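Here is a short report on selected residues and elements of one protein model. Please look over the sequence and the structure first.

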Amino acid sequence: RTPSTPAAPMSLTVDEAVRLALQNNVDLAAARLDPQIADTRVAAAMGLFKPAVGSSVQRNNALAPPSNLLTPTPTRTDVVTTNVNLNQRLPWFGTSYTVGWDTSHTSSDSFLNSYNPLLRSGLAFSFSQPLFKDLFTDAARTGVAVSRTNRTIADTRLRESEVRTTAAVKAAYWNLVSARANVDARQAALRLAQELARVNKAKVDVGQSPPIDLLSAEAEVASNQEQVIVAETAVKQAEDRLRVLIFDAARRDVWNVALNPTDTPPVGSAAIDVDAAVTNALRDRVDLTRSRKDVENARLNERLTGNQRLPDIRLNGSYQASGLGGTEILRSGGFPGTIVGPGQVTSFGTILNQLFKSDYPTWVLGFSVSYPIGQSAEDANLARTRLESAQAEQRVKSAEGRVIQQVRDAAWKVEMNARRIETARASRELAEQRRDVEQKRFDVGMSTSFLVIQSQRDLAQARQNELASVLAYDLSLVDLEALQQAGPVGQ
């Protein structure tokens, strides 16, 4: 709902306007989410090195038909198996390992079994260690490094948004100051025209001047009134542009806050240290930082593809320990014997003791080798990434050249506009003197209404030129400051 009464005017300096923009600007609020999004990408890349735990429980009940002389009757077997495992890829040297523990409980009516129920438990550990390929880098570790570099790039984009928003706020602030000054200049021109019309009317009434002089003066009044209307509208538009930058534009109430800028525009002509400005830009420009980070990413990819050309030689090892027990079946006679009843019971604790004492160990240690014959895709990828790395380095040099040119161009504009202020001020002072002289000559009958109107127009134009030169100087200062930290909009 739009408030029925306008809010109180807000007086603010240019620094206060920048502070409000950094707090409230919606585009900046969106840009601040980019580093957080990049953090999630780093976490996702690091997730490949997190340990993973798995487990399973299953029951298998089977009735096997009689298939040979040893199993002349149907045999039922019921097996309950549990498994727990842990596997992980380490972020160092490409090592991976797996640890697992499993147990099973088997019940069967087969007379061939030695235990019923049969309890079994096993502990297994295996590892794989690359010796050449994937030893110092691989796709996962490269992905983490690239995501971290991209996280830094996200910071530079946020910084770039802040710099550009700051520059836009300062530009909008000085445009508003200039628009208000333009209203004052147009109103002053209107007052001069109204005074001339009043004098001409008095002279026409007493027959000292022809009616055409009054018509000319009144036409000039109407023209200046139009210019005042246009200038006042420009102030409203300038206020709106500043409101969009320093407030949350979705709030309806902020559009009724009248903005009253209190700072006067800088009109000094201090000498610009161009070399220092170029040095600052080459050190601080965020687009250059991004280009250098692109070089880092290209080198990471080059290192990865170079590593992938190496032979895939791995050291593989595993260890297994087993334990067995349950209720022993006693037999008598020859093979297969006659079951006479249950025997000794081996508890599950005893089975675990067998497991951890390594009563029944199995060790495996070996190497695996894989190497492509002839030209491989890795060779082509390495050639491509080397070219991309060289290309990224050349782009950094090209960007540095553009930065130097942009900063120097901005510095020349500052110096040019500072000199424009001096000439525009002198022109305005001369126009004021000419208008005063022409008005005095008109008062004593030595000049015409046409010449007075012309001198008033020249004065109004001189004031416009002075205001335009001051605004151009202020905006060029803003550009020079911003170009030392971020590239121009649209680059």
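Asn-417 is buried, at 5% relative accessibility. Buried means under 20% relative accessible area, exposed means over 50%, and partly exposed lies in between, with a 1.4 Å probe and protein chains only. Asn-417 sits in helix H9, which spans residues 377-443. Helices are DSSP runs (H or I) of at least four residues, strands (E) are runs of at least two, and both are numbered from the N terminus. Not counting residues up to four places away in sequence, Asn-417 touches Ser-469, Ala-472, Tyr-473 and Ser-476. Contact here means heavy atoms within 4.5 Å.

The model is predicted: local features need pLDDT of at least 70, side-chain atom pairs count only at pLDDT 80 or more, and totals for chains, interfaces and linings use all residues. Residues are numbered from 1 along each chain as its sequence is written, and side-chain values use heavy atoms, leaving out hydrogens and water.

Asn-297 belongs to helix H7, residues 286-308. Its contacts, leaving aside neighbours within four places in sequence, are Val-146, Thr-149, Asn-150 and Ile-153.

| Residue | Relative accessibility | Class |
|---|---|---|
| Asn-297 | 10% | buried |
| Asn-260 | 32% | partly exposed |
| Val-84 | 40% | partly exposed |

Asn-260 is part of strand E6, residues 257-261. In sequence, Asn-260 and Leu-12 are 248 residues apart; in space, their C-alpha atoms are 6.3 Å apart. Leaving aside neighbours within four places in sequence, Asn-260 is in contact with Met-10, Ser-11, Leu-12 and Arg-180.

Val-84 lies in strand E3, residues 75-89.

Helix H8 covers residues 348-356, and its buried residues are Ile-351, Gln-354 and Leu-355. They lie on the same side of H8, because they cover an arc of only 100 degrees around the axis. The arc is taken from the directions from the helix axis to the C-beta atoms. After H8 comes Ser-358, with a positive phi near 55 degrees.
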